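Please look through the sequence and the three-dimensional structure below before reading on.

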2 protein chains.
Amino acid sequence: MRVVKDAEERRNEILDAANELFAQKGFDGTSTNDILEKVGIARGTLYYHFKSKEDIMDALIERYSVRLIGAAQEIAVDKSTPVVERIIRVIMALNISDGSSQEIMEHIHKPQNALMHQKIQKVLINGVTPILADIIREGITQGLFNTPFPYECMEMVMIYANTIFDDDMVPMTNEELAHRAQALVYNIERLLGAESGSLMQVMQMFGS
Amino acid sequence: MRVVKDAEERRNEILDAANELFAQKGFDGTSTNDILEKVGIARGTLYYHFKSKEDIMDALIERYSVRLIGAAQEIAVDKSTPVVERIIRVIMALNISDGSSQEIMEHIHKPQNALMHQKIQKVLINGVTPILADIIREGITQGLFNTPFPYECMEMVMIYANTIFDDDMVPMTNEELAHRAQALVYNIERLLGAESGSLMQVMQMFGS
DNA sequence: TATTACCGACAGGCAGTCGGTCTATAAAGT
DNA sequence: ACTTTATAGACCGACTGCCTGTCGGTAATA
């Protein structure tokens, strides 16, 4: 029973299957056999569309990051919402993420998926930091913030938050987590030269 | 030609070989065959001493982290050197590292070694941060620093510096690197509530 | 003589390759 | 208009070579 489909359609079928399997069992724990059985194709077909197993992962990350950074960008350019609120919205967009990309983030935080996590972190850091830095610069012209290093500040915050909250790099109880969050807001205010408590106030409007 | 050795000696021979090979070819790129051929032992012998390939990596990391954190601790408790200088010495101990551990850090920063890097980062962050935080608290009592979150500050700095300077997470030219370093010192001063330029001065005494 | 260290053949599973097959569509012939 | 032929894109599955981990058995040491 041979079924011929448009190349792009097949590619997406494979990516969808891989996405689910990687989430369940990790990259190393998933065999190419698992993937091609799930899609219902032969070995050769898989390697017709992708040149290697890692190539599948890269394509998956690409698809994911395009969506995510696009969403962040969209929020960032909306000059009608105040600067501080916009920052928070951008950050929230990273964690929640929409529909199909959701699964990927839920199960990535296992040591199994170290490489995948590293690659995602890389596109996240280099993709989102410039977006955030632009908002900060806007805040500086408005007199809200004051720092000679807006980009580096956001880079630091991005990397730290990503590592602390998304990895199991630092084992934490819920208490410790809350304490970390509180400290982070305080530290961001200091880094950005914002008035003490100015970020905290806006944060509380969103809960958590 | 069967040679019998003390278990611990063999274990270390295996770890030394693995250390070198992982550095050259990465964890995934190194086969257990490579290791046992380099040591000159049979398959069974390798698995007599280690229960899996990953077990070898874990033992390697353990050996490495014990040395490194020990060295950091030693510097930290020497109350005769001034606080700021001590901090810098601890951080420098992480990058240079002595002899046998040196190689491991030199070649880890390839995407191949993602898992290994993640594991090392984990022990580094959770092992060194408390040491640094203690020095900061000392600095607070001396009136040098002023922050309600000494631990979280150092955690942020550790994670950021490790990611930025040790990974190829963020591609950088030498100029950009220098700019990052400058920004980092500035930001650390802000985080710790130190007098502006107080860290910078001491840094310059060390060069780089 | 018992324990500890060691051996190497073997099983099972894996990623990636390759020659060949099917099918849809376009071109050529009638 | 209607069939035949050509071509390229999508697909197939057997096969290769490598890899990790196991196990029954063997030599050395105390």
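A polar contact, as the term is used here, is a pair of N or O atoms within 3.5 Å; within protein, one must be able to donate a hydrogen and the other to accept it, and residues adjacent in sequence count only if both atoms are side-chain atoms. This is a predicted model, in which local features need pLDDT of at least 70 and side-chain atom pairs count only at pLDDT 80 or more, while totals for chains, interfaces and linings use all residues. Residues are numbered from 1 along each chain as its sequence is written, chains are lettered from A and ligands numbered from 1 in the order in which they are written, and side-chain values use heavy atoms, with hydrogens and water left out.

With that in mind, DNA strand C can be taken up. Lys5(B) instead uses its backbone, with an N or O atom 3.0 Å from a phosphate oxygen of DNA strand C. Two or more residues each are given to the surface near DNA strand C by α3 (43–49) of chain A and by α1 (7–25) and α3 (43–49) of chain B, where helices are DSSP runs (H or I, at least four residues) numbered from the N terminus. Of these, α3(B) gives the most, with five residues.

A residue counts as near a strand if one of its heavy atoms lies within 4 Å of it. There are 22 residues around DNA strand C, and those that come nearest are Thr32(A), Arg43(A), Arg10(B), Thr45(B) and His49(B). Sugar and phosphate make up 58% of the atoms of DNA strand C that come within 4 Å of the protein.

Phosphate oxygens of DNA strand D lie 2.5 Å from an N or O atom in the side chain of Thr32(B), 2.7 Å from a polar side-chain atom of Tyr47(B) and 3.0 Å from a polar backbone atom of Lys5(A). The largest share of the surface near DNA strand D, five residues, comes from α3(A).
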